[in-house]
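Try each task yourself before you read its solution.

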Amino acid sequence: MPFLIGWAQGLRYLGIIRSDERIRSRVVTWLAMPAAIVLAWTLLRWLRWYGIVTCAKTGWGTRQNGAEVALASAPSSA
């Protein structure tokens, strides 16, 4: 079933005609969809989950000591 869905999604490669691309190139891209599906369901799925789990452990963020901006107290009327 995933292969059928992938090929159906890949139909946009055949449906959109561009002047700088050959039909042979588009057909080869469409025929390569099973390899892209296998890659997405194996390696890329694990990378996606790893990214979700470790997204808070960056260490390179710009807000290491909190936000630089703070609310100022309202000026008092005399």
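**Exercise 1: Isoleucine 37**

Isoleucine 37 lies in helix α4; helices here are DSSP runs of H or I with at least four residues, numbered from the N terminus. A quick note before we start: this is a predicted model, where local features need pLDDT of at least 70, side-chain atom pairs count only at pLDDT 80 or more, and totals for chains, interfaces and linings use all residues. Residues are numbered from 1 along each chain as its sequence is written, and side-chain values use heavy atoms, with hydrogens and water left out.

Task: Is isoleucine 37 buried or exposed, and which residues does it touch, not counting those up to four places away in sequence?

Solution: 
- Step 1. Buried means under 20% relative accessible area, exposed over 50%, and partly exposed in between (1.4 Å probe, protein chains only).
- Step 2. Isoleucine 37 is buried because its relative accessible area is 9%.
- Step 3. Contact means heavy atoms within 4.5 Å. Isoleucine 37 touches Pro2, Phe3, Gly6 and Trp7.
- Step 4. Glycine 6 sits 31 residues away along the chain, yet its C-alpha atom is 6.6 Å from that of isoleucine 37.

**Exercise 2: Charges**

Task: How many salt bridges does a search of the whole structure find, and what does arginine 26 have as its nearest side chain of opposite charge?

Solution: 
- Step 1. A salt bridge is a side-chain nitrogen of Lys or Arg within 4 Å of a carboxyl oxygen of Asp or Glu.
- Step 2. The search turns up one. Aspartate 20 pairs with arginine 18, with the closest N and O atoms 2.8 Å apart.
- Step 3. Aspartate 20 is exposed, because its relative accessibility is 58%. Arginine 18 is partly exposed at 45%.
- Step 4. Now go to arginine 26, in helix α3 (residues 23-31). Arginine 26 is buried but has no salt bridge, and the nearest side chain of opposite charge is glutamate 21, 4.6 Å away. Lys and Arg count as positive, Asp and Glu as negative; His and the chain ends are not counted.

**Exercise 3: Two helices**

Task: At roughly what angle do the axes of α4 and α5 cross?

Solution: 
- Step 1. Axes are lines fitted to C-alpha atoms, for helices over the stretch in contact, and angles run from 0 to 180 degrees between N-to-C directions.
- Step 2. The axes of α4 (residues 33-41) and α5 (residues 43-53) cross at roughly 35° and come within 3 Å.
- Step 3. Leu39, Ala40 and Trp41 in α4 meet Leu43, Leu44, Arg45 and Arg48 in α5.
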